[in-house]
Amino acid sequence: ASRTGNSMAATDGAPTPETLGDAIGETPHYGIHLIPIPGGTDRAPDCGFYASIGKNSPLIALQELLAVPLDSVGSHVQLVYEDRALDSTRGLAENSVTLPGAARRRRGDRLEIYFD
């Protein structure tokens, strides 16, 4: 199957989020499941996207990566974690995002960050 910007179907028929680009910043990288805010943009699949970023990398890099499939500008993409907007000039740690430990990262656990 080829990637066309839409999600690919998983073996169980449920859509699988497309992975956006390479990991951003320095290791360790944290897996992110970027989920569209309900009722928000119609330019993203409901299943969202996957990405990875280092804890100290400014989130603007994640916004710019996400802006490509949304046909938008990175600064127009709002990231939300636990009902609060994230500061794009700061990293995950500086935004007080609860980061999974090494065992959870090895299991493939991802942070859920919403976008609009």
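Helices (H or I, at least four residues) and strands (E, at least two) are DSSP runs, numbered from the N terminus. This is a predicted model, in which local features need pLDDT of at least 70 and side-chain atom pairs count only at pLDDT 80 or more, while totals for chains, interfaces and linings use all residues. Residues are numbered from 1 along each chain as its sequence is written, and side-chain values use heavy atoms, with hydrogens and water left out.

- Strand β8, residues 111-115, has a covered face made of Leu111, Ile113 and Phe115, and an uncovered face made of Glu112 and Tyr114.
- In a regular strand the side chains alternate between the two faces of the sheet.
- Two strands pair if DSSP finds at least two bridges between them; strand β4 (residues 29-36) runs parallel to β8 and is joined to it by five bridges, and Pro36 has Phe115 of β8 as its bridge partner.
- Strand β6 (residues 79-81) pairs with β8 in the antiparallel sense over two bridges, and there Leu79 stands opposite Phe115.

**The nonpolar core**

- A nonpolar core is a set of buried Ala, Val, Leu, Ile, Met, Phe, Trp, Tyr and Cys residues joined through side-chain atoms within 4.5 Å, where buried means under 20% relative accessible area, exposed over 50% and partly exposed in between, with a 1.4 Å probe and protein chains only.
- The largest nonpolar core has 23 residues, of which Leu34, Leu66, Leu79, Leu92 and Phe115 touch the most other members.
- At least two residues of this core come from each of β4, β5 (49-54), α1, β6 and β8, and α1 supplies the largest share, four residues.
- Contact means heavy atoms within 4.5 Å; leaving aside neighbours within four places in sequence, Leu79 is in contact with residues including Leu34, Leu59, Leu66, Ile113 and Phe115.

**Helix α1**

- The buried residues of α1 are Leu62, Gln63, Leu66, Ala67 and Leu70.
- Seen down the axis of α1, these buried residues fall within an arc of 140°, so they line one face of the helix; the arc is that of the directions from the helix axis to the C-beta atoms.
- Among the elements that cover the buried residues of α1 are β4, β5, β6 and β8.

**Aromatic rings**

- The structure holds one aromatic pair, formed by Phe49 and Phe115, which is tilted, with 6.2 Å centre to centre and 40° between the planes.
- Rings of Phe, Tyr and Trp (its six-membered ring) pair if their centres lie within 6.5 Å, and planes under 30 degrees apart count as stacked, over 60 as edge-to-face and the rest as tilted.
- The pair links distant parts of the chain, since Phe49 lies in strand β5 and Phe115 in strand β8, 66 residues apart.
- Phe49 counts as buried at 1% relative accessibility, and Phe115 is buried with a relative accessible area of 0%.
- The charged end of Arg110 sits over the ring of Tyr50, 3.6 Å from its centre; a charge sits over a ring if NZ of Lys or CZ of Arg is within 6 Å of the ring centre and within 35 degrees of the ring normal.

**Backbone points in the loops**

- Most residues other than glycine have a negative phi, and most peptide bonds are trans.
- The peptide bond from Thr27 to Pro28 is cis, with omega near 0°, and Pro28 is in the loop between β3 (18-19) and β4.
- Just after α1, Asp71 takes a positive phi of about 50°, and Asp71 counts as exposed at 63% relative accessibility.
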